[in-house]
Amino acid sequence: MNGDTIWYLILPIALILLVVAIAVFFWSVKSNQFEDLDRHGNNILFDDDQDAHHQAQSKKGNNDQSA
């Protein structure tokens, strides 16, 4: 394959990958993957102390509602 004909292979592959990436993005949005972005960070901080975790979440929720 020379430089001109390689485009006939690269372009369809790139377009297929683009469609797959867009489909995965819309699937993740539809299945609520982006709803709770703070949970995993809080789990690292509060994994041993569940009461402190619930208190921090309730304080965060109260602050969000007042804004």
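S28 lies in helix α1. Helices are DSSP runs of H or I with at least four residues, strands are runs of E with at least two, and both are numbered from the N terminus. This is a predicted model, where local features need pLDDT of at least 70, side-chain atom pairs count only at pLDDT 80 or more, and totals for chains, interfaces and linings use all residues. Residues are numbered from 1 along each chain as its sequence is written, and side-chain values use heavy atoms, leaving out hydrogens and water.

**S28**
- S28 counts as buried because its relative accessibility is 9%.
- Buried means under 20% relative accessible area, exposed over 50%, and partly exposed in between (1.4 Å probe, protein chains only).
- Beyond its neighbours within four places in sequence, S28 contacts Q33 and F34 (contact: heavy atoms within 4.5 Å).

**Helix α1**
- Helix α1 covers residues 7–30, which is 24 residues.
- From first C-alpha to last, α1 reaches 34 Å, close to the expected 34 Å (1.5 Å times one less than its number of residues).
- N32 follows α1 and has a positive phi, near 60 degrees.

**Aromatic rings**
- Rings of Phe, Tyr and Trp (its six-membered ring) pair if their centres lie within 6.5 Å; planes under 30 degrees apart are stacked, over 60 edge-to-face, and the rest tilted.
- The count is one aromatic pair.
- The rings of F25 and F26 have centres 5.6 Å apart and planes at 70 degrees, so the pair is edge-to-face.
- F25 is partly exposed at 44%, while F26 is exposed at 55%.

**Whole chain**
- The protein chain has three helices and zero strands.
- Buried residues make up 6% of its 67 residues.
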